[in-house]
Amino acid sequence: MQVSIACTEQNLRSRSSEDRLCGPRPGPGGGNGGPVGGGHGNPPGGGGSCPKARAALVPRPPAPTGALRESTGGSTGMKYRNLGKSGLRVSCLGLGTWVTFGSQISDETAEDVLTIAYEHGVNLFDTAEVYAAGKRSSYVITTKIFWGGQAETERGLSRKHIIEGLRGSLERLQLGYVDIVFANRSDPNSPMEEIVRAMTYVINQGLALYWGTSRWGAAEIMEAYSMARQFNLIPPVCEQVEHHLFQREKVEMQLPELYHKIGVGSVTWSPLACGLITSKYDGRVPDTCKAGIKGYQWLKDKVQSEDGKKQQAKVMDLLPIAHQLGCTVAQLAIAWCLRSEGVSSVLLGVSSAEQLMEHLGSLQVLSQLTPQMVMEIDGLLGNKSQSKK
């Protein structure tokens, strides 16, 4: 299972070294607000001290009726948006820790990146490991379910695997519940009604507060929503999806309609296409780049393919616009992702504190990205999604 971590907006402030890593220590009863996710009762177990602290519950603000309701953190400048039309507030830039907490960098560097991100207002952390799980009581923790063991019953989205897999994840995380459980990939072997009923069950049992989808098609998400409404079950609140300059149709053409019709938001990942959308490759693969690292031959092949070379040429075409804005191509690409309708948060993938600080600078670029510049970028890319009647 993959694990995502977020922390509540009200706790985003500078602290002492210990508090930055461990967060506040609530007394018995833990959470600072009522439950979210459809009026269900408080999950069993209260708050705890670091390192086995419980996730604080987030008060539900009024659901937005139009575009994503956005606010800015006073001390950090970070922007916060609702996760779809749920009451959960997330930073518009999250930290995708698949790279940060991978084997290619040290634990010390990873901890520095996590702390710096938190101090700059990031409250959404997505990871494929359990690093730092439970170290801060203000975290909102989510987990993905699909891949488990080797047996037929240890993968997929059957009721058995959803419930047993989630309980196993909670045991490893040393938590009584998670805030969001994602159904990772659709499963043609499991009926949609079974999936939705299983997700509703884990929420009613206090094992999770919300559920969402990851890499699902728009028709599958709508089917899950319709199934939930038909049988008075709980629908998904968001979809995790890949989105960047060269992967845009789903976010631009499918998810906005789902957001307006049924309130499903999106959390996007890989805004730089695994590092392809930078000016560092320029037709070659330096040894210091990710594509030159052992185990990333697939990325090297992609960079050196015909499509990869064409994409690199288009990235170089974006340099004049980046220079005009006084930013890097990476910052421009991330800001471009942030302006998409219905996007609650864009997950960053960084391997150093310096890289994180550069990517956080995309917030300043977003405010300068005019409609005319977006049209110019679309013209250079030549791949703007067209509506299909």
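This is a predicted model: local features need pLDDT of at least 70, side-chain atom pairs count only at pLDDT 80 or more; totals for chains, interfaces and linings use all residues.
1. Overall make-up. The protein has 14 helices and 12 strands. Of its 389 residues, 55% are buried.

2. Helices α4 and α5. Helix α4 covers residues 159-173 and helix α5 covers residues 192-204; their axes come within 8 Å and cross at roughly 30°. An angle under 35 degrees counts as roughly parallel, and α4 and α5 are therefore roughly parallel to each other. The crossing is right-handed.

3. Residues between α4 and α5. On the α4 side, the contact is made by Arg 159, Ile 162, Ile 163, Leu 166 and Arg 167. On the α5 side, Glu 194, Ile 195, Arg 197, Ala 198, Met 199, Tyr 201 and Val 202 take part. By class, the contact of α4 with α5 has 8 nonpolar and 4 charged residues, with no polar ones.

4. Helices α5 and α6. Helix α5 also meets α6, which spans residues 218-230. The axes of α5 and α6 come within 9 Å and cross at roughly 65°, and this crossing is right-handed. From α5, the residues involved are Met 192, Glu 193 and Val 196. They meet Glu 220, Glu 223, Ala 224, Met 227 and Ala 228 in α6. The residues of this contact divide into 5 nonpolar and 3 charged, with no polar residue.

5. Helices α3 and α12. Which way do the axes of α3 and α12 run relative to each other, roughly parallel or roughly antiparallel? The axes of α3 (residues 107-119) and α12 (residues 353-360) come within 9 Å and cross at roughly 25°. That angle makes α3 roughly parallel to α12. The crossing of α3 and α12 is right-handed. Val 113, Ile 116 and Ala 117 of α3 make the contact with Ala 353, Leu 356 and Met 357 of α12. The residues of this contact are 6 nonpolar, no polar and no charged.

6. The buried face of α14. Helix α14 runs over residues 371-381, and its buried residues are Met 373, Val 374, Ile 377, Asp 378 and Leu 381. Seen down the axis of α14, these buried residues fall within an arc of 145°, so they line one face of the helix. The cover over the buried residues of α14 includes α9 (306-317), α10 (319-325) and α11 (329-338). On the other side of α14, Gln 372, Met 375 and Gly 379 are exposed.

7. After α14. Gly 382 comes just after the helix and takes a positive phi of about 65°. Asn 383 also lies in the segment after α14. Its relative accessibility is 25%, so Asn 383 counts as partly exposed. Setting aside neighbours within four places in sequence, Asn 383 is in contact with Leu 245, Phe 246, Arg 248 and Asp 378. Asp 378 is one of the buried residues of α14. Phe 246 is 137 residues from Asn 383 in sequence, yet the C-alpha to C-alpha distance is 7.5 Å.

8. Most residues other than glycine have a negative phi. What is the phi of Arg 215? The value for Arg 215 is near 65°, which is positive in a residue other than glycine. Arg 215 is found in the loop between β9 (208-214) and α6, and is partly exposed, with a relative accessible area of 41%. Asn 232 is another residue other than glycine with a positive phi, near 60°. Asn 232 lies in the loop between α6 and β10 (238-242). With a relative accessible area of 72%, Asn 232 is exposed.

Methods
Residues are numbered from 1 along each chain as its sequence is written. Side-chain values use heavy atoms; hydrogens and water are left out. Axes are lines fitted to C-alpha atoms, for helices over the stretch in contact, and angles run from 0 to 180 degrees between N-to-C directions. Helices (H or I, at least four residues) and strands (E, at least two) are DSSP runs, numbered from the N terminus. Angles under 35 degrees count as roughly parallel, over 145 as roughly antiparallel, 65 to 115 as roughly perpendicular and the rest as oblique. A crossing is left-handed if the near helix is turned anticlockwise from the far one by less than a right angle, and right-handed if clockwise. Contact means heavy atoms within 4.5 Å. Ala, Val, Leu, Ile, Met, Phe, Trp, Tyr, Cys and Pro count as nonpolar, Asp, Glu, Lys and Arg as charged, and the others, Gly among them, as polar. Buried means under 20% relative accessible area, exposed over 50%, partly exposed in between (1.4 Å probe, protein chains only). The arc is that of the directions from the helix axis to the C-beta atoms.
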